[in-house]
Amino acid sequence: MKENNIISLRGHHLLCLQGYQGYGYDEKFKAKIETIINQLNTNDYKVTLTDSADDLCKSCPNLKDGKCVGELQSSNKSSENQEKINKNNSKIIKIDNIILKKAKLEKNQEYSFNKAISIVNKSFHNIKDVEKVCKDCKWIEECLWIHARKK
C-alpha cells in the first residue's frame, strides 16, 4: 500500500472486491485482501487505478515477476510456460482496460473508493455488460456482485 492512504487497484478489482467471499486463497492472502477491503470502506483511503499489479496483487501467491500466472500449471519447457504467463497477463490487462474505458475512469487518477465503485456499477449494471470481462472467471458462480445483477 502506498503512503497517504492511497491504495492502488486494478480496474477489474473494482468488480471483484464487491463479490469477494474469500474462496480459494491461502489464509495470508485472504487476510491481506480483507485488510484492504476494511481500509477502503473507512473512507480514509483513496484509490488510484491501474492495469498492472496493484496493492492486492502484491500479496497474491500467483504474482511472479510482476505478472499474474493465475492457475497455470508448470510445463517442462520454460519458454512455453512464459508464453502462457504472458498470454494470461495480457488477458487480465485487457479486462482492466475494458472496465476503465467503459466506466470512463482514468489510470493513475485518484478517486474515492466509493465514487469509483459507484461509477463502475452504473457502467456495468447487468449481466450483458460484464459478459466480456467476467465470462472466464472461475469465481463467477460464487460472485455476489454477479448474483446481484442476475435479478
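View 1. T50 is buried, at a relative accessible area of 11% (buried means under 20%, exposed over 50% and partly exposed in between, with a 1.4 Å probe and protein chains only). Keep in mind that this is a predicted model: local features need pLDDT of at least 70, side-chain atom pairs count only at pLDDT 80 or more, and totals for chains, interfaces and linings use all residues. Residues are numbered from 1 along each chain as its sequence is written, and side-chain values use heavy atoms, with hydrogens and water left out. Strand 2 covers residues 46–50, and T50 belongs to it (strands are DSSP E runs of at least two residues, helices are H or I runs of at least four, and both are numbered from the N terminus).

**View 2. Who touches T50?** Setting aside neighbours within four places in sequence, T50 is in contact with S8, L9, R10, G11, D96, L100 and K107 (contact means heavy atoms within 4.5 Å). The T50 side chain also has a polar contact of 2.9 Å with the side chain of S52. A polar contact here is a pair of N or O atoms within 3.5 Å; within protein, one must be able to donate a hydrogen and the other to accept it, and residues adjacent in sequence count only if both atoms are side-chain atoms.

View 3. K67 has a relative accessible area of 26%, so it counts as partly exposed. Side chain to side chain, K67 makes a polar contact of 2.5 Å with N86. Not counting residues up to four places away in sequence, K67 touches N62, Q82, I85, N86 and N89. As for V120, 53 residues from K67 along the chain, the two C-alpha atoms are separated by 24 Å.

**View 4. Stepping back to the protein chain.** The protein chain has six helices and five strands, in the order β-α-α-β-β-β-α-β-α-α-α from the N terminus. Its radius of gyration is 15 Å, close to the 15 Å from the globule rule for 151 residues, so the protein chain is as compact as a globular protein of that length (taken over C-alpha atoms; the rule is 2.2 Å times the number of residues to the power 0.38). The C-alpha trace spans about 45 × 35 × 30 Å along its principal axes. Buried residues make up 41% of the 151.
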